[in-house]
Amino acid sequence: MIYDIAVVGAGVVGGMIARELSAYKLNLCILDKAHDVATGASSANSAIVHAGFDAKEGSLKALLNVRGSELMAKTCLELGVKYKNNGSLVIGFTDEDRETVEQLYRRGVANGVKGLRVLDAEELHALEPNVSKNATCALHAPTGSIVCPYELTIASVGNAMDNGAELLLDFAVAEIEDGKDAFTVKAADGRTVKARYIINAAGLYADAIAAMVGDTSFTVHARRGEYVLLDKESGNLVKNTIFRTPSKMGKGILVSPTVDGNLITGPTSVDIGEKTNKATTPEGLAHVMRETRENVDGVMYNQTITSFCGLRAVGSTGDFIINMPRERFVNVAGIESPGLSSAPAIAEYVIGLLKESGMTLEKDPSFDPIRAPMHAFREGSLEEKNEIIKKDPAYGRIICRCETVTEGEILAAIRQNPKPRDLDGVKRRTRAQMGRCQGGFCSPYIVELLAQEMQVPYESVTKFGGDSYINVGKTKGVD
Amino acid sequence: MKQIDLVIVGGGPAGMSAAVAAYDSGVKSILILERDAHLGGILQQCIHNGFGLHRFGEELTGPEYAWRYEQQVLERNIPYLLNTMVLDISPEKVVTATNSEEGVFQIQAKAVILAMGCRERSKGALNIAGTRPSGIFSAGTAQKYVNLKGYMPGKNVVILGSGDIGLIMARRMTLEGAKVHAVCELMPYSGGLARNIEQCLNDFGIPLRLSHTVVEIHGKERLEGVTIAKVDENRRPIPETREYIPCDTLLLSVGLIPENELSKTAGVQLDRVTSGAVVDQDRQTAVEGIFACGNVLHVHDLVDYVSEEAEIAGKSAVAYIQGLTAERTDIPLTTDGKIRYTVPQRITQKKDVTVFFRVADVYRNVTIRVSDGDRVIYSKKKLKVAPGEMESITLRPDQFADAKALSFALEVK
Amino acid sequence: MVRELTCIVCPKGCQLRVELEDGAVKSVTGHTCPRGLQYANDECIHPMRTVTSTVRATDGRVVPVKTDRTIPKETMFACMKLINATVIELPVSVGQILLPDLLGTGANLVATANME
């Protein structure tokens, strides 16, 4: 079979594009080299929907950020993804910072960001009492929001699959052969897929994918960002997402509540030569804590529940690289910040490019934009919960104590597109293992549920595919 | 709404002991709510011996100790619900819970005993630098895999932290054929019992590296090794002492934290040092009619002491339900830092009170001194005290009757 | 010769000092109970240990077990080999003998939990 379109990369960008495409009469496939969707930058970022005052006027970043931010609420509603319009603040301490704040204000207005206001110290501290007393001014963007990035990715890929798209995982694209009217995409393990069009949303590796069809017009490098995530006890320290005025060194460390009620602090910003180093460093974590304490009072790092490092895909042009370097091939590359914010708009933009290039796209009347929300049970009323438990007793059994996740929810997640196949996959979908004990109590049970649902031996369940096994085998027999 | 005199949250050693004591003291309307599929709590996975010497005068394994109490619960027909998770406790003592049979349900209790136990400190809280491969477990999680599920988490093991669970797992993994390369302990002394260092490490030639910690984790998919380093007197790693140990498994035994999320919903005031409730000698919290005992109150060394404490809570809950009140007073207990905390934290009745406490460091030739202002009301000499061993003293009412506050101090020669 | 030992019979972990002459125990100090004295003697002449482990049941689950008395320390791994090779039928109850007289030590392997 020849697919109409193959989307390379199941991150938030590839996912949103696939979902948008699944609204048309197309045979679609989504390819990703990992064991699950949302394993790259889409699972480790600041989880922010930027208002859109950062990017330079007239840039693709500015255009798509503002549009993406407008689309996000509706997208999340349709996909059943947690989203919160909490507002954002860029705080300044010095006269120079004040100028930056005003410059950002003007840029934001030019970009079409609504509701921007410059606050003085008094207004700022009335709004956010825990922001450092030394802060003297701030830019308030009421449209700034927060979202769960991996949930958005999972839901968009899932919705695309529910509307007919196929997902091929562990599919590391190694070669693309150009036939007369279709590409043959070869994976490292020998599998092949034929597709008329290719959408290159391969994140850090988008340059390598482009090069496979002869486009070497850009490169992508990795920018490391380390984060420290705090317990829900700290989640109410600030309401808005707090940024520091940007400097030459970048946007600096932000402090923000997450949609799940935790507090996220980070990221560092270090460009590296290779693309796999996701190790956290003592210096990086110390940097995050130090700068956070400068900006917000009362952050208690003894409430840390985890730290992690994300790799952002930074393109060589300074702007998003969305183009068609040759026919039937679309680059969606260099989608660094504000990539998450822009994702719904990027999908829209790519459809536009395809149409412009002469591709005929016919709406599929059976397309359903709604995906069963992942958190319906936990957000339900007492009566609703009891109705569900009566029908399915598994919803009465709590597996993850820290986040109160039931067996019913975990089984539902395991059975819903895109199906998780490892512990991290279940974690990203259900929050089980994401609380303060970090899976200490529940992971042995989740391994059991995965083994049972996938009909594989207990010891073959992994943390995230590959060689990330949990157990080496049964006791009594290990030599 | 269902009405029950005494609801006990947790069916581990504390919950069962409290239930039995309450029953024997005259309250028969009791319900134990247990989140697991069996009574006994974490004891079920502690299959090693060393439990029960104080209580039963013999050495039992964890499951055997649990069985002794389970039998007492069964003999008395004390009702309990398994696979039942308490979701909320209100200050008015309405307990909201869920299970498969009844769904989400509520009970109005006259008194509540908190007996939820504790959890292990996780890797996240340690902020160790490096990658995030599989193969890193808290010692208790590994214990569950090995002892309850029958699976081996790995073959080449490094253990960080010399808490008792870590030491016990060093032996357990070794007996199951794994190689334990080292146990690293940040402090210059072990937090575990001396007997466990002897029989779990020394018996098998496993090195205990005091003043050492894991500074970096290596491996992309499965753990491939750890870098350890010696730490200076401020517990900061010394770069020149970095040492790479190849291993596929890192077990963490770095402390236990009382699980007080529910206590917070009930408005119970917590002690910053113990992470458990602030209680009086009856183990009553600041919320009238809500009691706490066992590892949810403060982390104990021995289950025998958990049972003992739970009996106090059980009996006191009955006295509360029956409206029996003795002569009231209110004397706060304070500590000097060398003594980190006391349980109870206040005395509200004039009767014999046993005060449990832990010290901050290893001290030798000390005098434990309790004073009311300048007046020393109690003092006792000890050759050695250590953070890993809970101490206790008993005060008589004639010693503290007129006291405004009691300060606990350690005088070190 | 003097040997310093940590007593393992109870959680107190007394530090024992054993004076030995020609392989025989001459004196013991540091113990606080008769069991500690016994331990010091055993440990210097013939160290003994309790072994706790699990055995596999026919349904694949594991049952916790222990030796019902101490066994010579040097036989621990040989006993583990035997324990590991054992597969038992359920149900079992606490105290039920699963393997009698392990390797001639006189200790039985008994179940420490009930399992259906």
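Let's start where the two chains meet. The contact draws 39 residues from chain B and 44 residues from chain A. Keep in mind that this is a predicted model.

Stay on the chain B side. Which elements supply at least two residues each to the side that touches chain A? There is a run of strands: β6 (85-89), β7 (94-99), β8 (103-114) and β9 (118-120) of chain B. Then come α4 (123-126), β10 (129-130), α5 (139-149) and β12 (151-152) of chain B. Look at α5(B) in particular. With six residues, α5(B) gives the most to this side.

What about the residue classes? The side of chain B that touches chain A has 17 polar residues, 11 nonpolar and 11 charged.

Now zoom in on β12(B). Strand β23 of chain A, residues 473-474, is joined to β12(B) by two bridges. The two strands run antiparallel. Find G473(A) there. Opposite G473(A) stands M152(B), in β12(B).

Next, step back to chain B on its own. The domain assignment gives three entries. Domain 1 of chain B covers 1-120 + 255-325. Domain 2 is 122-254, and domain 3 is 327-413.

Take domains 2 and 3 of chain B. Their centres, over C-alpha atoms, are 35 Å apart. How many residues does each give to the contact between them? Domain 2 of chain B gives five, and domain 3 of chain B gives four. On the domain 2 side, three residues are polar, two are nonpolar and none is charged.

That's the tour. Over to you.

Key:
Residues numbered from 1 in each chain as written. Chains lettered and ligands numbered in written order. Predicted model: local features only at pLDDT ≥ 70, side-chain atom pairs only at ≥ 80, totals over all residues. Domains from an automatic or database assignment. Contact = placed C-beta atoms within 7 Å. Nonpolar A, V, L, I, M, F, W, Y, C, P; charged D, E, K, R; others polar. Helix = DSSP H or I, 4+ residues; strand = E, 2+ residues; numbered from the N terminus. Pairing = 2+ DSSP bridges.
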